[in-house]
Amino acid sequence: MAFYIARRLVWTLVVVACVVAITFAVFYLLPAGDPALRFAGKNPTDAELAQIHHRLGLDQPFYEQFGRFTWHFFTGDRYGWPGLGYTYASGSSVKSLIIARAPRTLLLIMGAAIIWLVLGVGIGVLSAVRRRSATDRLSMGFALFGISTPVFWLGLMALYIFWRRLGWTGGSGYVSPTDSLTGFFSHMITPWIVLALLYAAFYARMTRNNLLETLGEDYIRTARAKGLPERTVIFKHGLRASLTPIVTMFGLDIALLVGGAVITESVFNLQGLGYLAINDALQQDLPVVLGVVLVASVAVAIANLVVDILYAFIDPRVRYA
Amino acid sequence: MKKFLRFALLASAVVALAALAAGCGSKKKSSSGSTTTNSSSSSGGGGVVGSGSFSSGSPAKGGTYTVGWEASFGFTDNFDPTGEYLGNAWGLYSNLMLRPLVGYKHQPGAAGNETVGDLATEAPKPTDNGLTYTYKLRSGVKFGPPVNRAVTSKDVAYAMNRLANPKDGGQYSFYYTVIKGWDAVANGKATTVSGISTPDNSTIVFHLTKPAGDFNLRMSMPATAPIPSEVGKCFEGKPGDYGRDVVSSGPYMLQGADKVKATCPMKAMSGYDGANGNHIILVRNPAYDQSTDPYRKNYINTFKFVVNSNADDIFAKVQSGAYQDEVSSPAPKTIRQYATNSSLKPRMIPNVGDRTNYLSMNLTQAPFDDIHVRKAMNWIVDKNALQKAWGGPIPGSIATHIVPPVLFNNGLAEYDPYATPNEAGDLAKAQAEMKQSKYDPGKTGKCTASACKGVLTIADTRGVDTRMVPILEADAAKIGIKLTVRAINGAYPTIQTPAKNIPLAERPSWGKDYADPYTFFAELFASGTIIKSGNTNYALVGITPEIAKKVGATGNLNNVPTVDPQINACSVKLSEERTSCWENVDRKLMTSVVPWVPYLWPNNVFIIAPNVTHWNYDQFTDGPAYSSVSVK
């Protein structure tokens, strides 16, 4: 197992390096314009532009810039380790920017993940054990609604109704739990639910289908024939076997949301990592984009690894050498 | 348990949102009290909108004024006044934080563009045949914490030297190259500008190499405001870094300025969260003396400028009173909501924005290398439809020439060389013009040459662009020009590169830097401003074969018209003579050069909260006059 983990970690590094190199290349080889122009004012002279290029390190060839970025990442820069550089816009540390924004995204994901897991798996199980009943149809109706409703619309409507009309929630914006715990929950409950609804719908459908498939297996029939209580049959034998793909999906979904919850972050003005990446991509602030891409790709790679390891515990048939 | 029930109810209710939403009607309470909304109107066809103000009772001191700022601050130099070129940042500097030698009354309309003494006792008249400007400083003006001392002429000279030094990131230092010795500093041959002298602490003298009739206006820009050298030295050669520690000479300062020390390296003031951050908080400057400042009222105790990623949320918060104001662009639905609701309407204030939106035709590219085609385009474009594409008369009035009339002190208000019924275009006049073109050899009134097939047009991808493009395609087709439109998300880098030889650009828009037409003509039509990238003379007016070779432009370079002599002649004139001179340049451009189809003078529309008791537009900064706002 240790060898397996070590091998996977090495591959994780390779994957992250590839992702960063591709991002770097996209910005370098397919630029939407010269980032220096943003800092040059109107009608800059060639000399002024050259000076800004030099200041931002844009006057060096692609491979040198990439090499310097990689070197600083591993050895650290003036802001410490890992060296993620500084933003073009403010000259401040990308690392500190990411550290400031990451809790918003992580707390959003954590809260939403708990809701969608409980809601999605719960509805899926209920729907599977009461197949073709009114509960099943209502559950799948909910799933259809969750899948087909755009997050931005749901978010705006939720804000309108629960904040503006009813005054139940704290509205948009982020309140740190260290500043006010009630303020934090009051501001996060709506984005949690809105983000969770989409995923809960997927999880409900997936859990139902997997569980139905598992419940049709011979060993389930054997378990029932042995006279095991239905609760044990479903939760111990059925659900456990049907959870494997759910765990895979759960790990990847959480990792993808590290940089991908941009719509929810925008609608609810949470200004997390996804919003930071999009906003700075539009402003061609490459160091910030690279920083977020790096964090997101590490999250995906690690989540993959964790999911693979969890397989061994969930499914006894899986063993790693 | 109650909490759980509420959350459970919340969860189930979200599921039912779709059904509920359809039945939700507005029950918003209207604002009460007697209110007045005034406009000092400007001209323009298709609906007149002026720069405005709002008043509801007498203003009182105190309170917090929170402004929702859409998406990000978007600073160009991290809020460092030496390099910062963002208009919205200038609004904060000019109203609240900095006192340049020359300032404004922070009023709407042409009056708001008149210069007055700010740090100086007055905006002086030049001496020595327009070559010398001497400013006397007011006594009693002090820097706020952490400096806490009187502002002297040497602090202004220090700011100017910082602006001249390219290593400090000045983004509009080209306005000051008329000062003797400026270029020597810019080229690294000197460290101080020889043409600036400070005979005593309250006098500063500028010696120019040639007259500049708008020099007082140039000395109103934020980069010229005093910077204390004891703080400035911590940021020499570090463009942008001073933005987090701007020392105030105005009524408000960055929160936390009193918590840092003026010793290098300086810690950032807590009120500034960085260009990528999400707040700027300004509080009263304890060193500020109201008696030295006749034009700022300073009712508010604290200003909060907060970034919000959701424009709808910004307007919802303004409507609820959580924000008082916004730096955003109200969507057509928001404008419609306010325009059609009598209680909301006074709180939507459209203001003339000293800006022109236009189609730019490249004078070197067929078929626009023929003036008759360019004139035909001016006759045929349905400006009324384009105005509707922008949302009607509230977002802007129809432009009939280059520079908005407010910059001519409302001169040329009625000038419309291509007037058509209802500004909807005139096919007969367009065809008559086209018949004179070499691209219509058969005199059919339509361009029949191959040059008119597939004319590359660069547009942007905003909603308004997608509404404008079909109108332009249909209009151009009426005179035989078939446009091939390429929509690019962020079209400027493409159209700002002369080597790309773009015949027609749909995206351009230009606003003043300060209240003088020079900031239009010199930057948009002078041949000297044509550069390889970042070029703003999109039409390439005045391009010569030498310039074309330098920037990589190719096309028809024979006899491209120029207005360089006129721009040079006007730039040295003063007062009414100057205004009249610029008006003639505008006329010449519209009739003898015809590089544009100007179609809209956009308004800056602001929506304010129910608890705002006084608000007015600041014509110089093209934004709210923060120094005059009040809340209840």
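User: How many residues of chain B are in contact with chain A, and what makes two residues count as in contact?
Analyst: In this predicted model, 43 residues of chain B are in contact with 44 residues of chain A. Two residues are in contact if their C-beta atoms, placed from the backbone, lie within 7 Å.

User: Which elements of chain B supply this side?
Analyst: Those giving two or more residues are α1 (2–15), α2 (17–22), β11 (302–308) and α8 (311–320) of chain B. The most comes from α1(B), with six residues.

User: What makes residues on that side nonpolar, polar or charged?
Analyst: Ala, Val, Leu, Ile, Met, Phe, Trp, Tyr, Cys and Pro count as nonpolar, Asp, Glu, Lys and Arg as charged, and the others, Gly among them, as polar. By these classes the side of chain B that touches chain A has 19 nonpolar, 18 polar and six charged residues.

User: How many helices and strands does chain A have, and what makes a run count?
Analyst: Helices (H or I, at least four residues) and strands (E, at least two) are DSSP runs, numbered from the N terminus. Chain A has 13 helices and zero strands.

Definitions and conventions
Residues numbered from 1 in each chain as written. Chains lettered and ligands numbered in written order. Predicted model: local features only at pLDDT ≥ 70, side-chain atom pairs only at ≥ 80, totals over all residues.
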